[in-house]
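Hello,

Here is the structure we talked about handing over. Please open it beside this email, as my notes follow it directly.

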Amino acid sequence: RCKNLSVSFWNSYWMLPSDVCGMNCFWEAAFRYDYMKTQPSEKMHLAVVACGERLEETVTMLRSAVIFSIKPLHFHIFAEDQLHESFKDILDEFPYEGKVNYTLYPITFPSESAAEWKKLFKPCASQRLFLPLILKNVDSLLYVDTDILFLRPVDDIWSFLGKFNSTQIAAMAPEHEEPRIGWYNRFARHPYYGVTGINSGVMLMNMTRIRRKYFKNDMTPVRLQWGEILMPLLKKYKLNITWGDQDLLNIMFFHNPESLYVFPCQWNYRPDHCIYGSNCKAAEEEGIFILHGNRGVYHDDKQPTFRAVYEAIKNYSFGDDLVHSLLQPLERELQKTTHTYCGRVYKVFIKQLTKSVRDLYARRSKG
C-alpha cells in the first residue's frame, strides 16, 4: 500500500520553505509523517539512493539482492522524482510476489541547508546520513550504494546485526587493507576511523540504537544525538573533506570507535583490492561476498572483471537456470580478463557465486 505515495505529498512535508520552517520544523515533520507500520522482524530492509543515470545500475543491484536472499526484502529507494515511474514499472514486474516490497521516496534534505547537503560530494550521496531520521519506524537497515552486487544472500550480512555487542550501532568495512595504498592515512585532513578509515558503500545499521545514542565529538563537551551532530560537523569540516558524507562518518566513528562493528573486506570488495595486486586475503580464501564497482568500473573497459560480473547479473532473466544462464557465461567472460591484475584472481569473483547457486538449488530441492 506504500508503493504509490505521491511526490507532491512528500514534498509538502519535507521541502518546506526555509522562511516558514527551520531545522526543528523539518525534524518535526519527519517524525509526524508516520506512514509506515513497524515491519516484522523477519523482514530485511535495504536502502539505496539513486540520482542521475543510476536507474539501470540500481535495478541490477536490487536483482542481485533478490536472486539468492531467503527472508523477505523491503527496498527503500530514494530517487529523483523523474526516476520514480521507471522504478515502479520495473519493480512491479519482479516475479517474487510476497518476497519483495518497496517504497519510493524523493530526495529530501533539511530545507534551510538543502543546497549545502546536495553539493556535498555527489548530488544526493549525503541522503544516507538522514536515513535514521526519515525511516523512524525501521529498526535495522542495510544501506548500499547503487554500484553494489550481492553474490550471496542478503541474509548473511543481515546476520551481523546479531553479532553487535551492546555498544555497536553500525557495521562497515575498512577503506583499505594495505596502508601503503590507503587514502585516509596518506591524505586525509580530518580524523578518520582506525588505520585506513572506513568505506560507507555498504553500511549495516541498527537505527534504533543510532537514534538513541549521544555521540562524543570535538565540537562541544556535550554529547550530541545523530540529528544534532550532522550540520555542526559539516560546518566545521566542509573545507577539509574530500569524500563528503563518508568523511563525516569517519569523523564520527573516530570519536566513537566503540560504536562500530568492522566486517571483513570480502563484504565490500572494490577495485583497490586487486588492481595493485590482491590484498583482500579473506576473498582469496572464501570468494567475494559483495562486489562494489566504484569509480564507474561497471561501465568502462578499465576493469573488465568487474564489468563481466555486472553484465552477467544485469542480463540474467529471473527463472532461467542459474548454471547455464549465469555461471557458465560469466566464467567464460572472466577467463578473458586474465591480462589484468584483477583478472589474474578472477576465481575469487565466481567462487562464492558458485556456492550461492549450489545452496539455492539445495534449498529448492528441500521444498
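With 85° about the S-S bond, which hand does the link of C274 and C342 have? It is right-handed. Please keep in mind that this is a predicted model.

**Disulfides**

The structure holds three disulfides. I take them one by one.

Start with the pair just named. C274 and C342 form a disulfide with their sulfur atoms 2.0 Å apart. C274 lies in the loop between strand 8 and helix 12, while C342 is in helix 15 (residues 341-344), so the bond ties together parts that are 68 residues apart in sequence. How accessible are the two ends? The cut-off for buried is under 20% relative accessible area. C274 has 0% relative accessibility, so it counts as buried. C342 is buried too, because its relative accessible area is also 0%.

Next comes C265 with C280. A disulfide joins them, S to S 2.0 Å. Their sequence positions are 15 residues apart, and both C265 and C280 sit in the loop between strand 8 (260-262) and helix 12 (281-286). The torsion about this S-S bond is about 95°, so the disulfide is right-handed. Are these cysteines buried or exposed? Both C265 and C280 are buried.

The remaining pair to cover is C51 and C124. Their sulfur atoms are 2.1 Å apart, and they form a disulfide. This pair links distant parts of the chain, 73 residues apart. C51 is in the loop between strand 1 (44-50) and helix 3 (55-68). C124 is in the loop between helix 5 (114-118) and helix 6 (131-134). C51 has a relative accessible area of 11%, so it is buried. C124 counts as buried because its relative accessibility is 6%.

**H190**

One histidine is also on my list. Where is H190 placed? H190 is in the loop between helix 8 (184-187) and strand 7 (198-206). Its relative accessibility is 6%, so H190 counts as buried. Which residues does H190 contact, leaving aside its neighbours within four places in sequence? They are Y184, Y237, N240, I241, D247 and I251.

**To recap**

- C274 and C342: a right-handed link.
- C265 and C280: a right-handed disulfide, both cysteines buried.
- C51 and C124: a disulfide between distant parts of the chain.
- H190: buried, with contacts that include Y184 and D247.

Best wishes

Terms used
Residues are numbered from 1 along each chain as its sequence is written. This is a predicted model: local features need pLDDT of at least 70, side-chain atom pairs count only at pLDDT 80 or more; totals for chains, interfaces and linings use all residues. Side-chain values use heavy atoms; hydrogens and water are left out. Helices (H or I, at least four residues) and strands (E, at least two) are DSSP runs, numbered from the N terminus. Buried means under 20% relative accessible area, exposed over 50%, partly exposed in between (1.4 Å probe, protein chains only). Contact means heavy atoms within 4.5 Å. A disulfide is a pair of cysteine sulfur atoms within 2.5 Å.
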